[in-house]
Amino acid sequence: MLKKLLLRSLTLLLLAVLGVQTASAQTFWSETFSTAAAFSAWTSANVGAGTQKWQRSTTPAVNMGFNTAPKAFASPTAANGFAFFNSDANGSNDHDAQLTSPVINCASQTSVRVRFHSQFAHDVTSQAEVRVSTDGGANWTAYSVLKEQPSYGLAQGALVPADIVTEVALPAANGQAAVLIQFRWVGNFEYGWKLDDIELFNYVAPK
């Protein structure tokens with residue numbers, strides 16, 4: 001242990017001497033859905049068919065129709081509340097589930113990124129996006145997320161990971177004073193999407 005501490009100290013000292021700087025992330029806005037009021041500040045809608053909308057839960061192990069028995073959702077604050085959309089409960093209906101944030105001020109930010117935690121599974125076809133609007137929702141810029149990637153275990157019908165951490169650059173939000181962030185899922189009779197611990201941060205590249 002002592003050798004490891006000494007090695008780490010020497011490494012940090014060397015970086016300081018050489019003037020090496022690493023990238024930094026300055027979080028300026030976050031959401032953990034820790035209360036019902038916090039979730040109510042968001043707008044939940046399904047502009048497609050079916051009865052389901054985004055909801056809030058404090059039960060990380062809720063199954064939501066997954067075809068395999070997943071581990072409980074393991075976001076850092078899942079037990080205090082998270083948002084979810086149950087596509088399975090929506091039945092064989094084309095859904096367009098949208099969860100839209102309150103207005104966020106990004107006017108002083110030059111390189112906005114979003115980081116969030118998920119538990120996600122799909123069946124046949126689905127389109128998961130983070131969208132940005134700067135004009136009150138009249139127009140949106142979409143960024144695709146949660147694609148089929150073996151490293152995420154997101155292949156069709158795959159075993160559901162306990163926690164997927166996703167980071168996406170949102171250049172449409174840079175320098176904008178009235179930003180809406182929206183999580184959108186288009187699909188039909190999929191499984192579920194749990195969402196928590198959302199952070200907006202300003203990415204600062206290393207010099």
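## A question to begin with

Is Glu129 buried or exposed? In this predicted model, Glu129 has a relative accessible area of 8%. Buried means under 20%, so Glu129 counts as buried.

What is Ile181 in contact with, leaving aside its neighbours within four places in sequence? The list holds Trp42, Leu99, Thr100, Ser101, Ile104, Val130, Arg131, Val132, Leu170 and Leu200.

Now for the charged side chains. How many salt bridges does a search of the whole structure find? The search finds 5.

One of them joins Glu167 to Arg115, with the closest N and O atoms 3.2 Å apart. Glu167 lies in strand β9 and Arg115 in strand β6, so this pair ties together parts that are 52 residues apart in sequence. Glu167 is partly exposed, at a relative accessible area of 39%.

Arg115 also meets the side chain of Glu199 in a salt bridge, at 3.4 Å from N to O. Here the link runs between distant parts of the chain, from Arg115 in strand β6 to Glu199 in strand β11, 84 residues apart. Glu199 counts as partly exposed, with 24% relative accessibility. Together with Arg113, the residues Arg115, Glu167 and Glu199 are linked in a network of salt bridges.

## Back to Glu129

Which residue does Glu129 meet in a salt bridge? Its partner is Arg184, and the N to O distance is 3.3 Å. Because Arg184 lies in strand β10 and Glu129 in strand β7, the pair ties together parts that are 55 residues apart in sequence.

Arg184 is buried, with a relative accessible area of 16%, and Glu129 is buried as well, at 8%.

How values were computed:
Residues numbered from 1 in each chain as written. Predicted model: local features only at pLDDT ≥ 70, side-chain atom pairs only at ≥ 80, totals over all residues. Heavy atoms only, no water. Contact = heavy atoms within 4.5 Å. Salt bridge = Lys/Arg side-chain N within 4 Å of Asp/Glu carboxyl O. Helix = DSSP H or I, 4+ residues; strand = E, 2+ residues; numbered from the N terminus. Buried < 20%, exposed > 50% of the residue type's maximum accessible area, 1.4 Å probe, protein only.
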